Amino acid sequence: MTFTQRQSQEHFLRAQKSIPGGVNSPARAFGAVGGSPVVMDRADGAYLFDIDGNRYIDYIGSWGPHILGHRHPAVIDAIHAALAKGTSFGAPCELETQLAELVIDAVPSIERVRMVNSGTEATMSAIRVARGFTGRNVLVKFAGCYHGHVDSLLVKAGSGALTLGTPSSPGVPPGCTADTIVLEYNDPQRLDEAFTARGKEIAAIILEPVVGNMGVVIPTPEFLKALQNVCQKYGSLLIFDEVMTGFRVAYGGAQARFGIRPDLTTLGKIIGGGLPVGAYGGRADIMNVVSPVGPVYQAGTLSGNPVAMASGIATLTRLKESNPYPQLESMTKLLVTGLSKLATDAGIPHTIPQVGSMFTLFFNPSVVTNLEVASKSDTKAFARYFHAMLERGIYLACSQFEANFVSAAHTDADLNATLNAAKQAFKIVAAA
Ligand SMILES: *Cc1c(COP(=O)(O)O)cnc(C)c1O
């Protein structure tokens, strides 16, 4: 049987006539690697099946949510049970409180939590709360961290060392980003300088406590320490954007792993178990500024809807009961060790940072500590690797600058099949 994605290609031509770029989120579009995206039909466990009938071992898990694998029976059953009782009430229901209690129980710093419908909504709301609580406007973010498509966070660094950010997308008025300072990740010195200059105006620092969105980048202990120090010294809030890392790098997220208590935390992805859920929460005194207790407005017609809550509850409950984290971490370690050895054998300069079940194979000889280093990766080599893997039934993130995920549904056989494919893929990359 020869590998073909003909039906995917034909369908994608049709999709482009009705949907901008044929996709409802640009990360799916294969823009960074070329070619036509694969159109999926269904998923099961560790596998995706496209409309041509090809099967792929999936290392994206819908960009994070499917830590249990696709269609976990406990999750599907919970969704069915909720569906049978109605899809949305526009009134309180018990499931919202149950998910809130699970989150508070899991995440050390969260005392109150509000459900929303996406990670973007969560970060947008958290920074509004931080600004409302502190009465300050300025935000600090880090180059390469992604927090959803929030106006004030779609920003790139200006030219000077301490300049405020300029919009990174047309349609974002310069006024929206004028109060956002962009710094390099893992640079405690620049962080100190920024706070020395503007500390009393800074409402909050927002960051991915392990970055996934420029590929996996690990924070140094010095950087984490510096974040806590400046926030304490200047009365700014520390916001951990754990939309990706929450329930991924540990049940309690990166903050549990590192033993840090941020003031506010944003969640998404795993918390919805594949349905649209986001959440933001933190210290009770801070969260009490949110309407209707306090004056900071935030709302949502479908927020806390019972079907999505049921999916989240089933996912977190299963994670709590089965504790797959040690197993996920050791399987991922086996995979990245194997990949690294094969890449070395093929003479390919690379680095593979891993935290828990998140990893990125950077075609880059240096340890990737920030966006500047990440940008020096060989994206052409990545594109060749990506397509060689895809043709061999391995579905990786379609950009060098993304995280890949192992799920609890992956087996040793899946990992071995992946390494076999990688051995051939690296030969293709090395020969080019
Ligand atoms: C995915 C992601 C978001 C955005 O979440 P959406 O649900 O896509 O809006 C925000 N922050 C981080 C760290 C993410 O990984």
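A polar contact here is a pair of N or O atoms within 3.5 Å; within protein, one must be able to donate a hydrogen and the other to accept it, and residues adjacent in sequence count only if both atoms are side-chain atoms. This is a predicted model, where local features need pLDDT of at least 70, side-chain atom pairs count only at pLDDT 80 or more, and totals for chains, interfaces and linings use all residues. Residues are numbered from 1 along each chain as its sequence is written, and side-chain values use heavy atoms, leaving out hydrogens and water.

| Side chain (N or O atom) | Ligand atom | Distance |
|---|---|---|
| Thr120 | oxygen | 2.6 Å |
| Asn213 | oxygen | 3.0 Å |
| Asp241 | nitrogen | 2.7 Å |

On its own the ligand exposes 380 Å², and the protein buries 82% of that (areas by the Shrake-Rupley method with a 1.4 Å probe). The residues around it, meaning those with a heavy atom within 4 Å, include Tyr146, His147, Glu208 and Lys269.

Most residues other than glycine have a negative phi, and most peptide bonds are trans. Trp63, though, is not a glycine and has a positive phi of about 70°. Asn186 also has a positive phi, near 60°, and sits in the loop between strand E8 (180-183) and helix H6 (188-198); helices (H or I, at least four residues) and strands (E, at least two) are DSSP runs, numbered from the N terminus. The bond from Ser291 to Pro292 is cis, with omega near 10°, and Pro292 belongs to the loop between helix H9 (284-287) and helix H10 (306-322).
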